[in-house]
Amino acid sequence: MNIRHCIVCQKYFIPKNRKRKYCYEKECAIEYERMRKRLEYNRKKHNLHRHPYPYIREYTDTTELIVAMYYMDGFSPLYIANELKRDYEDFSKFFNHMISSGKMKKIIEMIEKNRKKGVVLPVSLKERLI
Ligand SMILES: [Zn+2]
């Protein structure tokens, strides 16, 4: 069996079956169930059941910027995915890639540099999302 990232806590774990997406911590099981219900609810609400993954869509430069801002503010990938209405599994891959490729670090450095200069990029995150 391969080692896998828990989609809730991001820690490595060894899945006992191929479909297992989250680790064997009790909190992760609870959180995963909550996530799954929320996705299911949103699918029904927006009549999206025909599309199996309505929350998977393209990631742009703006997405990267917003994700980095959330990350700087200490929000977890799960929180960010929910806020951005993204499929969590898909988002996790994108997020982990941002970290491992060094892109997250670069964007954060750029934001910090600009903040020091008094430039807030692009606008405050909260304003953007309301
Ligand atoms: Zn976990």
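These exercises work through the fold, core, helix packing and selected residues of a predicted model.

Residues are numbered from 1 along each chain as its sequence is written. Because the model is predicted, local features need pLDDT of at least 70, side-chain atom pairs count only at pLDDT 80 or more, and totals for chains, interfaces and linings use all residues.

**Exercise 1. State how many helices and strands the protein has, and in which order they run.**

Step 1. Take helices (H or I, at least four residues) and strands (E, at least two) as DSSP runs, numbered from the N terminus.
Step 2. Count them: 6 helices and 2 strands.
Step 3. Read from the N terminus: β-β-α-α-α-α-α-α.
Step 4. A residue is buried with 20 or more other C-beta atoms within 10 Å of its own, exposed with 12 or fewer, and partly exposed in between. By that count, 15% of the 130 residues are buried.

**Exercise 2. Find the largest nonpolar core and say where it lies.**

Step 1. Define the set: buried Ala, Val, Leu, Ile, Met, Phe, Trp, Tyr and Cys residues joined through C-beta atoms within 7 Å.
Step 2. The largest such core has 17 residues. Those with the most contacts inside it include Cys 6, Ile 7, Val 67 and Tyr 88.
Step 3. Two or more residues come from each of α2 (61–72), α3 (77–83) and α4 (88–100). α4 gives the largest share, 4 residues.
Step 4. Domain 1 (4–47) and domain 2 (61–129) both contribute, so the core lies between them. The domain bounds come from an automatic or database domain assignment.
Step 5. Check one member. Beyond residues up to four places away in sequence, Val 67 touches Ile 80, Phe 95 and Met 98.

**Exercise 3. Work out how α2 and α5 pack.**

Step 1. For α2 and α5 (residues 103–116), the angle is about 80° and the axes are 9 Å apart.
Step 2. Classify: under 35 degrees is roughly parallel, over 145 roughly antiparallel, 65 to 115 roughly perpendicular, and the rest oblique. α2 and α5 are therefore roughly perpendicular.
Step 3. List the partners. Glu 64, Leu 65, Ala 68, Met 69, Tyr 71 and Met 72 in α2 meet Lys 103, Met 104, Ile 107, Ile 108 and Ile 111 in α5.
Step 4. Sort by class. Ala, Val, Leu, Ile, Met, Phe, Trp, Tyr, Cys and Pro are nonpolar; Asp, Glu, Lys and Arg are charged; the others, Gly among them, are polar. The contact has 9 nonpolar, no polar and 2 charged residues.

**Exercise 4. Decide whether Ser 92 is buried or exposed, and name its contacts.**

Step 1. Ser 92 is found in α4.
Step 2. Ser 92 has 20 other C-beta atoms within 10 Å, so it is buried.
Step 3. Leaving aside neighbours within four places in sequence, Ser 92 contacts His 5, Ile 7 and Pro 77.
Step 4. Ser 92 and Ile 7 are 85 residues apart in sequence, yet 6.8 Å apart in space, C-alpha to C-alpha.

Terms used
Two residues are in contact if their C-beta atoms, placed from the backbone, lie within 7 Å. Axes are lines fitted to C-alpha atoms, for helices over the stretch in contact, and angles run from 0 to 180 degrees between N-to-C directions.
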